[in-house]
Amino acid sequence: MKQAGFNFQDDTLEIVAAKINTENDEYRYFIGIGGEYLVSSKLSFMGFEVLKASRDGTKEDLYIQHGKKTFGVQVKTSQKRADQKNKNKDVWSFDFRLKKTVNGQQISSNETYNTHDIPIFACVCKEKEKVIFIENKSGNQMQYKFDHKDFDYATDKASIEALTKIFKRINND
């Protein structure tokens, strides 16, 4: 069996596809990176300067510049799941608990992101390629759930309005 990827032979390109195991950590890693790039792109098109955080232990995924201030953004990307209470309704669930490594496995802790370090959460719907920006108000809410309608209303205009409210509130603190 050929390995997935690209093969170059005799000036031709062969693209070799492979079934992706959607349960493995590598797949989830790339979905997360894709979400970060989507958020970065949307923010850039809205006129924000966006900086990618380094991967060396920072809690921020992105930094955005607004005026003279820099704000940390935590990006979460979710795939559609059936609602536990109503199996006919799809929801996207976002977990904002910090991860910690125990015996080589990453698990969610009960610790949440500090509002000072991470004032903005970006919730990415993979299937719709949409983003909902929310404020990390108290630092103690661990999960957010959204449905189709929430993401249908997640336009660039709605995003700018949400971010403007967040910046205004943060700057008044």
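Guide: Start with Lys 76, which lies in strand E5. Strands here are DSSP runs of E, at least two residues long, and helices are runs of H or I, at least four long, numbered from the N terminus. The model is predicted, so local features need pLDDT of at least 70 and side-chain atom pairs pLDDT 80 or more, while totals for chains, interfaces and linings use all residues. Residues are numbered from 1 along each chain as its sequence is written, and side-chain values use heavy atoms, without hydrogens or water.

Lys 76 is buried, meaning under 20% relative accessible area; over 50% is exposed, and partly exposed lies in between (1.4 Å probe, protein chains only). Lys 76 has no salt bridge, which would need a side-chain nitrogen of Lys or Arg within 4 Å of a carboxyl oxygen of Asp or Glu. The nearest side chain of opposite charge is Asp 61, 6.0 Å away. Lys and Arg count as positive, Asp and Glu as negative; His and the chain ends are not counted.

The side chain of Lys 76 does join that of Gln 74 through a polar contact of 3.5 Å. Such a contact pairs N or O atoms within 3.5 Å; within protein, one must be able to donate a hydrogen and the other to accept it, and residues adjacent in sequence count only if both atoms are side-chain atoms. Beyond its neighbours within four places in sequence, Lys 76 is in contact (heavy atoms within 4.5 Å) with Phe 94, Asp 95, Phe 96, Tyr 113, Ala 122, Cys 123 and Val 124.

Now the nonpolar surroundings. A nonpolar core is a set of buried Ala, Val, Leu, Ile, Met, Phe, Trp, Tyr and Cys residues joined through side-chain atoms within 4.5 Å. The largest one has 19 residues; Val 39, Leu 43, Ile 64, Ile 120 and Phe 133 touch the most other members. Helices H1 and H3 and strands E4, E5, E10 and E11 each give two or more residues to this core. H3 gives the most, with four. Val 39 reaches Leu 62, Val 75, Ala 122, Val 124, Val 131 and Phe 133, leaving aside its neighbours within four places in sequence. A separate core of 15 residues includes Trp 92, Phe 94, Ile 132 and Tyr 144.

Next, the rings. Rings of Phe, Tyr and Trp (its six-membered ring) pair if their centres lie within 6.5 Å; planes under 30 degrees apart are stacked, over 60 edge-to-face, the rest tilted. That rule gives 10 aromatic pairs. Ring pairs link Trp 92, Phe 94, Phe 146 and Phe 151 into a cluster.

Last, a polar residue. Asn 136 is found in the loop between E11 and E12. Asn 136 is buried, at 3% relative accessible area. Polar atoms of its side chain lie 3.1 Å from the backbone oxygen of Tyr 113 and 2.9 Å from that of Ile 118.
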